[in-house]
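Grab your viewer and work through these exercises one at a time. Try each task before reading its solution.

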Amino acid sequence: MRLRWRITPPAEAFVQQLPLTMTMEELNGNEKFADLPAALNSDPHKPGTIQQGDVMLYGNKTLVLFYETFQSSYSYTPIGKVLSTDSLKKRVGEGGIDVRFSRP
């Protein structure tokens, strides 16, 4: 999958940690998450609606990949977005997954 990066200081700091392979765990039937090796400065806000394909930072160390669109009252820092979400839910499956992030 290819990601589109938002050019923000937290996204730039994330890119500096790449390449990175992470085992992302399942949560809530709509997201995968894993802790980064190093914390990032965050700039959280409440997006209201999480879009399928959003890649966000929860807190300052937890990277989250959302594979469903839904409403949320939680605060996240945007990092990037999966460009093609047509089969995203099917591709990530139901359990934990290994995800490799590399420099754009």
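**Exercise 1. An asparagine in a turn**

Is N28 buried or exposed? Work that out, then look at its backbone and its surroundings.

Solution. A word of caution before starting: this is a predicted model.
- Step 1: take the relative accessible area of N28, which is 60%. The cut-off for exposed is over 50%, so N28 counts as exposed.
- Step 2: N28 sits in the loop between β2 and β3.
- Step 3: check the backbone. The phi of N28 is near 65°, which is positive although the residue isn't a glycine.
- Step 4: β2 and β3 make a hairpin with 3 residues between the strands. These two strands run antiparallel and are joined by 3 bridges; E25, for instance, has F33 in β3 as its bridge partner.

**Exercise 2. Peptide bond geometry**

Find out which residues the cis peptide bond joins.

Solution. 
- Step 1: look at omega. A value of about 0° turns up at the bond between L18 and P19, and that bond is cis.
- Step 2: locate the proline. P19 belongs to the loop between α1 and β2.
- Step 3: L20 has F101 in β9 as its bridge partner, and β2 and β9 run antiparallel with 5 bridges between them.

**Exercise 3. Sorting out the cores**

How many residues does the largest nonpolar core have, and which elements supply two or more of them?

Solution. 
- Step 1: get the count. The largest nonpolar core has 22 residues, and those with the most contacts inside it are F14, M22, M24, L36, L63, I79 and F101.
- Step 2: assign elements. Two or more residues each come from α1 (9-16), β2 (20-27), β5 (54-58), β6 (62-66), β8 (77-82), α2 (88-92) and β9 (97-101).
- Step 3: look for anything left over. There's a second, separate core of 6 residues, with I50, M56, V64 and F66 among them.
- Step 4: In soluble globular proteins, nonpolar side chains tend to be buried together.
- Step 5: zoom in on one contributor. In β8, 6 of the 6 residues are buried, so the strand is largely enclosed by the rest of the structure. β8 runs antiparallel to β5, with 4 bridges joining the two, and D54 stands opposite K81 of β8.

**Exercise 4. Rings**

Count the aromatic pairs, then explain why the pair of Y58 and Y76 ties together parts that are apart in sequence.

Solution. 
- Step 1: count. There are 5 aromatic pairs.
- Step 2: describe the pair in question. The rings of Y58 and Y76 are 5.7 Å apart, centre to centre, with 50° between the planes, and the pair is tilted.
- Step 3: see where the partners come from. Y58 is in strand β5 while Y76 is in the loop between β7 and β8, so their pairing links parts 18 residues apart in sequence.
- Step 4: check accessibility. Y58 is partly exposed at 39%, whereas Y76 is buried at 4%.
- Step 5: take another pair. F66 and F70 also form a tilted pair, at 5.7 Å centre to centre and 55° between the planes. F66 is buried, with a relative accessible area of 0%.
- Step 6: assemble the group. Y58, F66, F70, Y74 and Y76 form one aromatic cluster.

**Exercise 5. A pocket**

Which residues line the second largest pocket, and how do they split by class?

Solution. 
- Step 1: list the lining: L27, N28, E31, F33, Y58, T62, V64, F70, Q71, S72, Y74 and Y76.
- Step 2: sort by class. That gives 7 nonpolar, 4 polar and 1 charged residues.
- Step 3: sort by element. β3 (31-35), β6 and β7 (70-71) each give two or more residues to this lining.
- Step 4: About 160 Å³ of space lies in the second largest pocket.
- Step 5: cross-check with earlier exercises. The lining includes N28, the exposed residue of Exercise 1. Among the lining residues are also Y58, F70, Y74 and Y76, which are members of the aromatic cluster.

Note on methods
Residues are numbered from 1 along each chain as its sequence is written. This is a predicted model: local features need pLDDT of at least 70, side-chain atom pairs count only at pLDDT 80 or more; totals for chains, interfaces and linings use all residues. Side-chain values use heavy atoms; hydrogens and water are left out. A nonpolar core is a set of buried Ala, Val, Leu, Ile, Met, Phe, Trp, Tyr and Cys residues joined through side-chain atoms within 4.5 Å. Buried means under 20% relative accessible area, exposed over 50%, partly exposed in between (1.4 Å probe, protein chains only). On a 1 Å grid over the protein atoms alone, a cavity is a set of points where a 1.4 Å probe fits but cannot get out, and a pocket is an open set with protein on both sides within 12 Å along at least five of seven lines; lining residues have an atom within 4 Å of a point. Grid points are joined across faces, edges and corners, and a volume is the space filled by probe spheres set on the points. Ala, Val, Leu, Ile, Met, Phe, Trp, Tyr, Cys and Pro count as nonpolar, Asp, Glu, Lys and Arg as charged, and the others, Gly among them, as polar. Rings of Phe, Tyr and Trp (its six-membered ring) pair if their centres lie within 6.5 Å; planes under 30 degrees apart count as stacked, over 60 as edge-to-face and the rest as tilted. Two strands pair if DSSP finds at least two bridges between them.
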